Structure formats: structure tokens, C-alpha cells
Amino acid sequence: IYVFVGTGQIDQLSRNGLLIAENAALRIVTAISRHAATAQLKSDNALLLKHIAASAEGSEVHLSACRAIQADGRLAGDATGAVSGPALKALRLYESEQRLFFTDLKAIDFTAAVYVPFKLPGATQLSVVGCNVALESIREAFERLLRLSLIILTVTLFMQAGLAWFIYFVFLRRLRVLEKSTDLIARGDFSGDWQPGSRFDEIDQLGYRFNEMRLALAEKTRVLEDTLVNLEKVNFDLEGDLILGQEIQRSILPPAVAGRHVRWCVTYRPLSKVSGDFYDVFDLADGATGILQFDASGHGVPAALLTMMAKISFVEAIQKVEQPNQVIAAVNDELSAHLQMTGNFLTAFYAVIRPHGRMIYCNAAHTSILVLRRDRAGAELLEPTSLSVGFSPPGPGAFMNGELLLRKGDRIIVYTDGLTETIDKTGKQFGVAGLLRLVERFGKLELQEMHAAIEREWASLVERSAIDDDVTLISAEMG
């Protein structure tokens, strides 16, 4: 608004300057016309200029530096002086448009140069009278406008400073207190309290809600810290129990010297501290060797508890009956009610190997067993003979035996599905085919070397993060 008003005032001052210049030009024209007929003025420019200056005395128009300019733009009587451009322009405008005068406003010193063309009697060419007109009224008006502008600017600055002070002390200072309190809360410090003022405006209401939030967060944080401490204590106790369970589970695994005429080695890798896989090697009363491997559904503590129950059931059954299918049937009879109630099951493989090499086995939905002959290339697969423990009906009729003759140096590979169902680094399942390739590749090595090579190569082929089940691998050789 100030810029628009100031611009309008300056335009008005310019128009007033033109009016003053026009009034001066009219006085000059009147003076020339009044005295042009006298004999003295016919050729005396100095006397004419004197009469023009006298005509403005006593009026508001102040003429100064009046001079006569010839048709060539130079001062009268000065043939070598400078050419006046405004005088020549006044002559051209008079000749082309019959304009009686030309005004050149000079805003710097508040004057106007007025040029009036005329012709004295007896003269052959036009001349120009040029006078300077002092625009004192314009100067005074402009100075008033400038003072007014400075006053407005000063008042505006003081108002802005006052508004800034008001905004800071009424709003920003209190908001910064809230900001600092928020930073403290972000660092876990709930001591930043907000003290509401007497206004109880929107900021005070915000601060009041902030206090409520701070107190609620402090209480919830305290509860969470107490809960975390309790959880850490419980986790510590559970970790201790799992370590104890791991030691107990490993303590009931068979010693490496078990098996009179069968050499064997094993890889046992629980997914967590305790495992749902289990294996055992028995020295039976008639000189035979029993090899047992079973896998409880799931993994972790529930599966480990199930394997402990199954371990006891298998040991009792092996002491009572001789045939592998009878052993697994007895375990099924004892555990099926519990397994059906919890939705769990067991896959199991149990084989009895006689000293002369006859192997009788029962495979209850366990993995396919690999047989590697000493004098043959490739490996044979022994497929499951029965359903899993927990899914089969009671009685020995639900489980079938298989029979195989092993010679000295023949080997069997018994494993759980955690080995073959792992995803390899190509994104495919490792599978039985992958295990077959490793067995055929390393089958000519000594038993311990072959087993270590298979384990090492399998670990390099599969993603460690993709192992999501317990892994057990038994390699056995007929002695």
C-alpha cells in the first residue's frame, strides 16, 4: 500500500511540475507578445529577456537564467558555443505541431527548463527564449512526502519489532520449552515439566496435554522396564534349563564304541540347544548290532520331550522283542494315544544287523536309506516299509520288515529329512539326489573320510540361514 501511494504521489508531483512550467511558458509568450511591437525590441534580445524576467516578478513563477537561442541552437551572438538540444526540439515541435513551448523537467535540482520559439519583427528566422523555472513548491511537497515516508517506515519497523517481541514471548518461548521437554523424552528423561500460564490459551492446553502424555509415557516406560527385567530373568532361567536339557539329551546318546562288528560315525546338529532327532546304537544279546534313528515332528523343546519319551519306549521294546517291526509296533502302541491327542508323530528307522551280514529293518515313514556296495558303483535306495508312528493302527500287523544282506565293506547311510529338505544356494531343494551325488563322489574314501567329506560339502552347498530343522546323518560299514 505504501509503495502504491508513494508512486501516485510522485506522479502527482510530476503533473504539478508540468503545470508550473506551462504557466511560466505562458508568461513568457505574453511578455514577448506585449513588447514585440516596440521599436527597441526589434533587435535587442537583452532588453527582451529583461522584460520577460520583469513579467514574472511578484508571481509564484520564478524565472532565472533566461537566454536567447538562435535557430542553429546556439546562444545569440555566440557562433562557436554549444548547441542546445532542447531548443532545437522546441523549434521542430513549433514548426511541425505549432506547439508554443517545450518543457524539460530536471528532477535532480527541482527545476524546469522552458523553451519558447518566437520571431522578432524584422527577423528572418525563429529564435528561442530559454528560461529556468524553480519548482520550489514541488521540492517542498517532495520533502513532505519523504518525511512522511520515513515516519511510516519508522513506525512500521517499530510495529514489526513489537510484533516479533510479542510473538516470541507469548508463543515461541513457550513452544521452545515444549521442544526441550520433547527432546528430553526422546532421550528417555521424563523430568521436563510444563508449567501452564495464566492465559490457558491453545499453547497452555497443548502443554497440559503434553504433561499428561509425559506422565503416561513415564508410567508405561517403568512398566516396560520392569517387564524387561522379568523377561530377562525368565530368559536366563530358560536358557539355563535348555543348556541342562542339552546336556541330558547328549548324555543318553550312544558311545562311539557301540556296535561289535559295525563301524559307524555320526553328525548330530540340533537346530537349537535341544533336538527333535535322536539316534542310538545297541549291542544286542546275540552279538547283533541295532541301529536306531527317529525324528519327532517339529523341533525345539516340544520335539525334544517327545524324543525322550520315544527313547524310553524304544529301549523297553528292544529288551522285550527281537524283530524291528515288533519294536516299532510296541512304541506305536505305547505312544499313539498321546501323539494323536497332541497332533504329533514320529518317523523311525530300526535295523538289526547280524554278524554274518543279514540286516532286518523296519522303516516307519522315515527317509529313504542309502546302501553303498563295496564292489559296485552307485547306491541303492531302501524305501519306507510302513506308516509313521502315531498314524498307524495298533498291533504289529501295521509295520512290515525289510531284509538285506550286507558283505564286509558295504555301507548304509541313514539320515533325517533336515538334511535333504534344506534349500541350496541355487534356490533348489538339496534333496535325496544331492545326497546321492555326494555319496557316489566320496564313496571310495575311508568311512570317516567319506562321512566328513559329505558333511563338509553339504554345508558348503546349502545356505546356513535356510537350515530350519534338526539334522542327523549316520554312516555305518559292515566290518
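Me: Is Y168 buried or exposed, or in between?
Reply: Y168 is partly exposed, because its relative accessible area is 31%. Buried means under 20% relative accessible area, exposed means over 50%, and partly exposed is in between (1.4 Å probe, protein chains only). This is a predicted model, where local features need pLDDT of at least 70, side-chain atom pairs count only at pLDDT 80 or more, and totals for chains, interfaces and linings use all residues. Residues are numbered from 1 along each chain as its sequence is written, and side-chain values use heavy atoms, with hydrogens and water left out.

Me: Which nonpolar patch is Y168 in?
Reply: Y168 belongs to a surface patch with L163, W165, F166, I167, F171, L172, L175 and L206, and together they have about 810 Å² of accessible area. Patches are made of residues with over 30% relative accessible area and no salt bridge; nonpolar side chains (Val, Leu, Ile, Met, Phe, Trp, Tyr) are joined within 5 Å, and like charges within 9 Å. The areas come from the Shrake-Rupley method with a 1.4 Å probe, and for residues only the protein chains shown count as cover.

Me: Which helix gives the most to that patch?
Reply: Helix α4, residues 136–186, with 8 residues. Y168 is in helix α4 too. Helices (H or I, at least four residues) and strands (E, at least two) are DSSP runs, numbered from the N terminus.

Me: What lines the largest cavity?
Reply: T267, R269, L419, I454, E455, W458, V471 and L473 line the largest cavity, which holds about 50 Å³ of space. Helix α10 gives the most to this lining, with 3 residues.

Me: And the second largest cavity, what lines that?
Reply: Its lining includes V262, I353, D410 and M478, and the space is about 40 Å³. The largest share of this lining, 3 residues, comes from β14.

Me: What about the largest pocket, how much space lies in it?
Reply: About 250 Å³. Of the 15 residues lining the largest pocket, L372, R373, R374, G443 and K444 lie nearest its centre.

Me: Switching to salt bridges. How many are there?
Reply: The count comes to 14. A salt bridge is a side-chain nitrogen of Lys or Arg within 4 Å of a carboxyl oxygen of Asp or Glu.

Me: Which parts does the R358 and E403 pair tie together?
Reply: The side chains of R358 and E403 meet at 2.7 Å, N to O. R358 lies in strand β9 (residues 358–364) and E403 in strand β12 (residues 402–405), so the pair ties together parts that are 45 residues apart in sequence. E403 is exposed, at 51% relative accessible area, while R358 is partly exposed at 33%.

Me: And where do R222 and E219 lie?
Reply: Both lie in helix α5 (residues 202–251), 3 residues apart, about one turn of the helix.

Me: Which residues are linked in a network of salt bridges?
Reply: R373, R376, E380 and D410. Within it, the side chains of E380 and R376 meet at 3.2 Å, N to O.

Technical notes: 1 Å grid on protein atoms, 1.4 Å probe; cavity = no way out; pocket = protein on both sides within 12 Å on 5 of 7 lines; lining within 4 Å. Points joined across faces, edges and corners; volume = space filled by probe spheres on them.
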